[in-house]
Amino acid sequence: MKALVIRNTGSWYVVKDLETGTEVNCKIKGNFRLKGIRTTNPVAVGDRVTVAVNSDGTGYITAIEPRRNYIIRRASNLSKESHILAANIDCAVLIVTLFHPTTSTTFIDRFLATAEAYRVPAIIVINKTDLLGEDDLEYLDAVTYLYRSIGYTVLHLSAKTGDGIDRLMQELKGKISLMSGNSGVGKTTIINDLIPGLDLKTAEISEMHDTGIHTTTFSEMFQLPGDDAGYIIDTPGVRGFGTIEMNRNEVAHYFPEIFEIGHQCRYGDCTHTHEPHCAVLEALEEQRIAQSRYNSYLSILEDCDPDKYRKPF
């Protein structure tokens, strides 16, 4: 049976038969692992798989079709293993908030760089605009201008009031889209707004730490309302976004503005960190590249250091 993985609970995978639409609870064989990738989840939501159905109606996943792309992150800060958020997606939607809680630009940049690395178009949705006062609107404009000037779509949204939901739905129409973000940015509320009647569980922000509380504990795919409206994949909220599987010499490729200006460097293998006549460093000094973006670039270069995640003796 050919099927699509629509839910991952950690111990079971729920797949949908591509012919009949029937859902089947599956496990994987103990020795079934993807070659070359050390992941906490060898099967991801969005995977197309082959399933052997048992007499009791459950099944075993026996093979995974080649993925056209995926979004991956480091499983933890001190881990060499990775976690695949979703596979075979048309769009990666990053939900962020400027306050309550604050999404750092480093988190945004790491997510965008990962999407670039795996050829997944990404958009940024700034939620909770209803909480912004007059003094905050200048920061909203600055963040919006920064990422739009690079070429990213940036949407403003208030899940609480519904303002901006229709515009987001237009972006998702006909696509399989991953939704990700820090805990507490309102991702689940947005999904509930997009799919009336779904009623996924939400939680309040911690007042003491101004951080979110995890309500989604596993990844799951939901169909948007309407014919051929597309699907969204809800993923657990994350606190950080550790990059993995990136070649140090290719990191600049995942920052479009650095990559473009880097063609003007004297040396073809310029790392944009110390070399003479580096066009990127000159652009940074002239404020044609944002300092925050360059700092994020350096932080991913640091991730590429093989000693960073080596456990101490």
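How many helices and strands are there in the protein?

1. The model under review is predicted. Its secondary structure consists of seven helices and 13 strands.

2. On burial, the protein has 313 residues, of which 49% count as buried. The accessible surface comes to about 15,900 Å², and carbon and sulfur atoms hold 48% of that area.

3. On contacts, the count considered here takes in those with a separation of 6 or more; residues 24 or more positions apart account for 63% of them.

4. Rolling a probe the size of a water molecule over the atoms shows where empty space is left. A search of the whole structure finds one cavity of 30 Å³ or more. The space in the largest cavity is about 40 Å³.

5. Which residues line the largest cavity? The lining is made up of Leu98, Thr103, Thr105, Ile108, Tyr139 and Val143. By class, four of the lining residues are nonpolar and two are polar, while none is charged. Two helices, H1 (105-117) and H2 (134-150), each supply at least two residues of this lining.

6. The loop between strand E8 (91-96) and helix H1 contains Pro101, and His100 is found in that loop as well. The peptide bond joining His100 and Pro101 is cis, with omega at about -5°. For the backbone in general, most residues other than glycine have a negative phi, and most peptide bonds are trans. His100 also has a positive phi, about 55°, although it is not a glycine. The reader may therefore wish to know how His100 is classed: it is partly exposed, with a relative accessible area of 41%. This class applies because the value falls between the 20% limit for buried and the 50% limit for exposed.

7. A positive phi also occurs at Gln287, a residue other than glycine, where the angle is near 65°. Where does Gln287 lie? Gln287 is found in the loop between helix H6 (279-285) and helix H7 (291-303). Is Gln287 buried or exposed? Gln287 is exposed, since its relative accessible area is 71%, and the class of exposed requires a value over 50%.

How values were computed
Residues are numbered from 1 along each chain as its sequence is written. This is a predicted model: local features need pLDDT of at least 70, side-chain atom pairs count only at pLDDT 80 or more; totals for chains, interfaces and linings use all residues. Side-chain values use heavy atoms; hydrogens and water are left out. Helices (H or I, at least four residues) and strands (E, at least two) are DSSP runs, numbered from the N terminus. Buried means under 20% relative accessible area, exposed over 50%, partly exposed in between (1.4 Å probe, protein chains only). Contact means heavy atoms within 4.5 Å. Accessible areas come from the Shrake-Rupley method with a 1.4 Å probe; for residues, only the protein chains shown count as cover. On a 1 Å grid over the protein atoms alone, a cavity is a set of points where a 1.4 Å probe fits but cannot get out, and a pocket is an open set with protein on both sides within 12 Å along at least five of seven lines; lining residues have an atom within 4 Å of a point. Grid points are joined across faces, edges and corners, and a volume is the space filled by probe spheres set on the points. Ala, Val, Leu, Ile, Met, Phe, Trp, Tyr, Cys and Pro count as nonpolar, Asp, Glu, Lys and Arg as charged, and the others, Gly among them, as polar.
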